[in-house]
Amino acid sequence: MSHHETLPAGHYHHLEPEQAYHSAKLAMWIFLATEIHLFGGAFCAFAFFRWRYFDDFNHYAGQLNWQLGALNTLVLLTSSWAMVRGVDAAQKGLNKLCGRWLIVTIILAFVFFGIKAIEYSTKLSHGIYPSTHIFWGLYYTMTGIHALHIAVGIGLIYWLYLLTKKERFSTVYYTPVEVIGLYWHLVDVIWIFLFPLLYLLGGVGAGAHH
Amino acid sequence: MEHTTEWKRLGKGDLPTEDMDTGLGHIVPIDVYNKVFAALVVLTLATVWAATLEVSGTAHIIVAMFIALIKAALVYGCFMHLLFEKKIIWIIVTYPLFILALMILGTTGDASVKRESIPSNVEIEYKKGKGFGVNDEFLQAPDVKEDTAHSTH
């Protein structure tokens, strides 16, 4: 049963498997740190203008459809959960199960896109553009960069799905699934902050300040 | 590297258990993932509910950001396996967050100071009958100040 293995398929030849795994993960965490800085710049701009035009922001935030925003938050959270279930399946070497969870993740990502497209088109048809007010400038920029990350994520996860079809993952090699999972969860975390900042802070329903 | 690792290829159907050390990542019980997911959904509903409360705008921000931080911690800790990571990963995670916190505090402080000084200029511009667009109000303010210095003499 147990025997000496040569390097599991997919790992770099000059690294031990365990070392390769930890190196790849370290690299992704460093990349995620740069992502924090990327979005951090936008969040800083948001913080500045949020305080600067406090009432304006409350007013315009009230014009966003918070129900759709909340729905999209749940969609993205569910996709994150599907992703982690996929990682779990990959860790156990269950390629088929992993593939199924990855497809669920991708479908939910497209649902997110669909809802976002409805929101964008509604706003644009009402003549609300990025230049309308700094609130909308930040709204379109931040959600736009976020959506770009979703698009990249869909491509990466689909690539993982193709690898599961080839039975590439095993208990000793599932690095790509875990590492892209990290990326996907970060995109989810960004949205966790974008949702209340953009949609809710004007207050909704009885608590609305406009 | 001095040591050599013996790799055991597990046969199909052999599942590693939680405490099995493959030398790779930590395996979290599925039950934990499901519970964390449920908690994230509940917290999302909580943040929407909190937004309906009749409190000040600043209170809204504090409550919403507090809930968002808990949600982010759950995703980082459990879904991203940070709780089982080495110190070096923790350092890489906390460093940009620390810098971001500094930057946000700085810009927020800056905004609150400028808020004190600018409205008067805007008021002057408004009184002069120019009107003002919300967009360029901030950028135009310094010029307006020079203008009024002229006109008052």
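Good morning. In the largest nonpolar core of this structure, which has 79 residues, A:Cys98, A:Val177, A:Leu198 and A:Leu200 touch the most other members. A nonpolar core here is a set of buried Ala, Val, Leu, Ile, Met, Phe, Trp, Tyr and Cys residues joined through C-beta atoms within 7 Å. Two or more residues come from each of helix H1 (17-52), helix H2 (54-61), helix H3 (66-91), helix H4 (95-125), H5 and H6 of chain A, and from helix H1 (30-51) and helix H2 (57-79) of chain B. H6(A) gives the most, with 18 residues.

A word on conventions. This is a predicted model, in which local features need pLDDT of at least 70 and side-chain atom pairs count only at pLDDT 80 or more, while totals for chains, interfaces and linings use all residues. Residues are numbered from 1 along each chain as its sequence is written, and chains are lettered from A and ligands numbered from 1 in the order in which they are written.

Let us turn to chain A as a whole. Chain A has 6 helices and 0 strands, where helices (H or I, at least four residues) and strands (E, at least two) are DSSP runs numbered from the N terminus. Its C-alpha atoms fill a box of roughly 70 × 30 × 25 Å along the principal axes. Of its 210 residues, 48% count as buried; a residue is buried if 20 or more other C-beta atoms lie within 10 Å of its own, exposed if 12 or fewer, and partly exposed in between, with C-beta atoms placed from the backbone. Among contacts between residues at least 6 apart in sequence, 78% join residues at least 24 apart; a contact means C-beta atoms within 7 Å.

Which residues does A:Cys98 touch, leaving aside those up to four places away in sequence? They are A:Gly86, A:Ala89, A:Ala90, A:Thr164, A:Phe169 and A:Val177.

I now come to the helix pairs. Two packed helices are described by the angle between their axes and the distance between the axes. Axes are lines fitted to C-alpha atoms, for helices over the stretch in contact, and angles run from 0 to 180 degrees between N-to-C directions. The axes of H3(A) and H6(A) come within 10 Å and cross at roughly 165°. H3(A) is therefore roughly antiparallel to H6(A); angles under 35 degrees count as roughly parallel, over 145 as roughly antiparallel, 65 to 115 as roughly perpendicular and the rest as oblique. The residues of this contact divide into 13 nonpolar, 6 polar and 2 charged. In this scheme Ala, Val, Leu, Ile, Met, Phe, Trp, Tyr, Cys and Pro are nonpolar, Asp, Glu, Lys and Arg are charged, and the others, Gly among them, are polar.

H4(A) and H5(A) pack at about 155°, with axes 9 Å apart, and are therefore roughly antiparallel. Their contact has 14 nonpolar, 6 polar and 2 charged residues.

Are H1(A) and H6(A) roughly parallel or antiparallel? Their angle is about 15° and their axes are 10 Å apart, so the two helices are roughly parallel. By class, this contact has 12 nonpolar, 1 polar and 3 charged residues.

Finally, consider a loop residue. A:Tyr173 lies between helix H5 (134-165) and helix H6 (175-200) of chain A. Why does A:Tyr173 count as buried? The reason is that A:Tyr173 has 23 C-beta neighbours inside 10 Å. Its C-alpha atom is separated by 20 Å from that of A:His185, 12 residues apart along the chain. Thank you.

Technical notes:
Contact = placed C-beta atoms within 7 Å.
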